[in-house]
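Please take a moment to look at the sequence and the 3D structure shown below. Then let us walk through them together, one step at a time.

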2 protein chains.
Amino acid sequence: MVLSKTSPQLQREEFDITAWDMDNCPVRDVIDRIAGKWSTLLLEALAIRPYRFGELRRLIPDISQRMLTQTLRDLQRDGYIEREVFPTKPPSVEYRMTDLGRSLFEPLSKVLRWAEANHADVKAARERYDASELA
Amino acid sequence: MVLSKTSPQLQREEFDITAWDMDNCPVRDVIDRIAGKWSTLLLEALAIRPYRFGELRRLIPDISQRMLTQTLRDLQRDGYIEREVFPTKPPSVEYRMTDLGRSLFEPLSKVLRWAEANHADVKAARERYDASELA
DNA sequence: TAGCGCTAGTCTCTTTTTGAGACCAACACT
DNA sequence: AGTGTTGGTCTCAAAAAGAGACTAGCGCTA
């Protein structure tokens with residue numbers, strides 16, 4: 001509760017605000033990680049089928065090996081994907097989505113589809129904004 | 001289409017891949033912006049009601065003024081929010097969600113609610129991962 | 001058998017992004 | 001006259017991300 005002690009009346013808008021509890025906010029804790037530049041892209045891929053490291057690299061040509069490793073580990077840490085090493089030579093590693101990951105991807109995919117459907121509107125908004133900036 | 005000319009057979013997995021068209025991908029173009037650290041948080045606030053700049057600053061104490069300005073401008077540019085200046089002294093500025101923003105927030109809010117509902121599972125997964133890392 | 005490529009990474013260095021904080025101008029209130 | 005309020009911008013430091021070299025063991029080929 002962040003309500004100022006000097007304002008005894010409960011203002012509705014401030015009441016809404018204080019419901020958030022910034023420091024222990026589940027939404028921020030979870031979203032901050034899946035909101036990474038590459039996270040949704042990788043979740044989208046692994047929602048289709050499991051992929052090996054190198055496959056993902058070829059699938060997303062402009063991700064650096066460094067960020068691919070790191071993002072995969074973050075997703076694994078939060079329980080969205082699993083990592084399995086196969087004892088081939090050289091050893092290969094497969095990544096696959098977990099049940100938790102699939103559960104997340106269900107609502108997430110709706111946002112992705114919204115993005116596809118409304119891409120034109122967003123681009124139009126950008127052009128309007130940029131044009132009005134020339135002033 | 002990125003299929004190698006040296007592999008004439010259509011492999012199913014590669015076919016899935018090539019549907020993406022990395023360079024002109026609507027999903028990436030739209031998601032990359034709302035995936036910013038502060039974007040969803042601001043959308044969440046402005047979905048409730050319009051806010052003034054300073055109110056948002058107080059509402060999200062750990063955002064820097066610089067990033068608040070920048071994120072609000074990005075959201076405005078993509079057409080999710082509007083900015084209105086009132087000729088008070090000193091002038092105040094109000095930000096409010098547009099219809100496009102509300103349209104986006106509908107599926108987005110489902111992800112946010114998923115985050116709330118599954119926060120415990122994610123935290124548990126993290127602890128399991130961190131524990132297994134000690135090896 | 002020497003050379004090359006494949007695997008999934010790590011390590012280092014540079015560039016980009018973000019954060020912290022000072023500063024601004026005009027007006028209201030004390 | 002001094003202080004606070006508005007919504008920013010500017011500069012500099014810190015953190016994150018990108019680019020590219022490097023690793024090791026094995027298979028294939030010349």
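Start with B:Arg66, where a polar side-chain atom lies 3.3 Å from a base nitrogen of DNA strand C. Keep in mind as you look that this is a predicted model. Now turn to A:Gln65: an N or O atom in its side chain is 2.3 Å from a base nitrogen of DNA strand C. At A:Gly54, a backbone N or O atom lies 3.1 Å from a phosphate oxygen of DNA strand C.

Let us step back and take in the surroundings of the DNA strand. How many residues surround DNA strand C? There are 19, and the closest are A:Gln65, A:Arg83, A:Tyr95, B:Arg66 and B:Met67. Of the atoms of DNA strand C that come within 4 Å of the protein, sugar and phosphate account for 62%.

Which parts of the protein supply this surface? H5(A) gives the most, with four residues. Sorted by class, the surface near DNA strand C has seven nonpolar, five polar and seven charged residues.

Next, let your eye move to the place where the two protein chains meet. Here, 55 residues of chain B are in contact with 55 residues of chain A. The area buried between chain B and chain A is about 5100 Å², and carbon and sulfur atoms give 68% of it.

What else can you look for across this interface? The rule finds eight salt bridges between chain B and chain A. For an example of a salt bridge, look at the side chains of B:Arg28 and A:Asp62, which meet at 3.1 Å, N to O. The interface of chain B and chain A also has 14 residue pairs in polar contact, with both residues at pLDDT 80 or more.

Several helices of chain B each supply at least two residues of the side that touches chain A: helix H1 (12-18), helix H2 (26-34), helix H3 (39-48), helix H5 (65-77), helix H6 (99-117) and helix H7 (119-133). The largest share of that side, eleven residues, comes from H6(B). By class, the side of chain B that touches chain A has 29 nonpolar, seven polar and 19 charged residues.

Key. Residues are numbered from 1 along each chain as its sequence is written. Chains are lettered from A and ligands numbered from 1 in the order in which they are written. This is a predicted model: local features need pLDDT of at least 70, side-chain atom pairs count only at pLDDT 80 or more; totals for chains, interfaces and linings use all residues. Side-chain values use heavy atoms; hydrogens and water are left out. Contact means heavy atoms within 4.5 Å. Buried area is the accessible area (1.4 Å probe) that two parts lose on being put together, summed over both. A salt bridge is a side-chain nitrogen of Lys or Arg within 4 Å of a carboxyl oxygen of Asp or Glu. A polar contact is a pair of N or O atoms within 3.5 Å; within protein, one must be able to donate a hydrogen and the other to accept it, and residues adjacent in sequence count only if both atoms are side-chain atoms. Ala, Val, Leu, Ile, Met, Phe, Trp, Tyr, Cys and Pro count as nonpolar, Asp, Glu, Lys and Arg as charged, and the others, Gly among them, as polar. A residue is near a molecule or strand if one of its heavy atoms lies within 4 Å of it.
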